[in-house]
Amino acid sequence: IETGDVKLQVSPKIELLFGTKQKLNLIVLSNPNDVISIIWSPSDQLSCSDCLNPELTADHDALINVTVTDKNGCSATASIQLIVKKENKVYFPNAFSPNGDNINDYFYPIGLPANAPINILNIYDRWGNLVFGKKDFILSSEKDGWGGTSGNHEKLNPGVYIYMVEIQDVDGPKIYSGDISLIQ
């Protein structure tokens, strides 16, 4: 009769920004070829509940347990304390030059987490007229930003424009506004 002892190693604590992804690294220290069962619980934030290294999508704080059983019926459990930081860090450039040189040609919000949803990006001229509008894209997406043109793709004159951005935060939508200088 073979008897064994299952030994596991995981990071005991992980801190991530809301919405970010990270692969969980489970290491079976004793006879990894003898493993017959892996169970992650709760698995609601994981890509799988029975694989060695699931991908975690940080959604809420949790104590995640993993239980590994070997062919001899021996098992071990390890825990990971997941702490989800619920803050978006968003930055807005104060000037851009849409001159086609592929350097700073678009105005768009930049920040973390990079996949935070942007509900609305509106650009207004100094008289309050909407000159550009875009909906439903993600933070730090240059191709979805404003290229200094009006809705009918006409180049706008250099000057100061006003932006209004609604970003979907973990606690609901947040609105940011400010001014951006279009320079040539």
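Is Cys74 buried or exposed, going by its relative accessibility? At 19%, Cys74 counts as buried, because the cut-off for buried is under 20% relative accessible area. The model described here is a predicted one.

## Cysteines and the disulfide

The structure contains one disulfide. Its partners are Cys48 and Cys51, with 1.5 Å between their sulfur atoms. In general, a disulfide is a covalent bond that joins the sulfur atoms of two cysteines.

The two partners fall into separate accessibility classes. Cys48 has a relative accessible area of 19%, so Cys48 is buried.

## Aromatic pairs

Six aromatic pairs are present in the structure. In one of them, the ring centres of Phe92 and Tyr163 are 4.8 Å apart and the ring planes meet at 20 degrees, so this pair is stacked; the cut-off for stacked is under 30 degrees. Phe92 sits in the loop between β9 (89–91) and β10 (95–96), while Tyr163 belongs to strand β14 (residues 159–169). The pair thus links distant parts of the chain, 71 residues apart. Tyr163 is buried, because its relative accessibility is 8%.

Phe92 also pairs with Tyr176. This second pair is tilted, with 5.4 Å from centre to centre and 45 degrees between the planes. Tyr176 is in strand β15 (residues 172–182) and Phe92 in the loop between β9 and β10, so the pair ties together parts that lie 84 residues apart in sequence. Tyr176 is partly exposed, at a relative accessible area of 21%. Ring pairs join Phe92, Tyr163 and Tyr176 into a cluster that also holds Phe96, Phe107, Trp146 and Tyr161.

## Nonpolar cores

The largest nonpolar core has 23 residues, and the members that touch the most others are Leu8, Leu26, Trp40, Val66 and Val68. Two or more residues of this core come from each of β2 (13–17), β5 (35–41), β7 (62–70) and β8 (75–85). Strand β8 gives the largest share, five residues. In soluble globular proteins, nonpolar side chains tend to be buried together.

Which residues does Leu8 touch, not counting residues up to four places away in sequence? They are Leu26, Ile27, Val28, Leu29, Val66, Val68, Ala76, Thr77 and Ala78.

Phe137 is part of strand β13. With a relative accessible area of 6%, Phe137 is buried. Leaving out residues up to four places away in sequence, Phe137 touches Ala116, Pro117, Ile118, Leu121 and Asp144. From Phe137 to Asn115 the C-alpha to C-alpha distance is 8.8 Å, and the two residues are 22 apart in sequence.

Ser150 lies in the loop between β13 (130–138) and β14. Its relative accessibility is 13%, so Ser150 counts as buried. Apart from neighbours within four places in sequence, Ser150 is in contact with Val131 and Leu156.

Terms used. Residues are numbered from 1 along each chain as its sequence is written. This is a predicted model: local features need pLDDT of at least 70, side-chain atom pairs count only at pLDDT 80 or more; totals for chains, interfaces and linings use all residues. Side-chain values use heavy atoms; hydrogens and water are left out. Rings of Phe, Tyr and Trp (its six-membered ring) pair if their centres lie within 6.5 Å; planes under 30 degrees apart count as stacked, over 60 as edge-to-face and the rest as tilted. Helices (H or I, at least four residues) and strands (E, at least two) are DSSP runs, numbered from the N terminus. Buried means under 20% relative accessible area, exposed over 50%, partly exposed in between (1.4 Å probe, protein chains only). A nonpolar core is a set of buried Ala, Val, Leu, Ile, Met, Phe, Trp, Tyr and Cys residues joined through side-chain atoms within 4.5 Å. Contact means heavy atoms within 4.5 Å. A disulfide is a pair of cysteine sulfur atoms within 2.5 Å.
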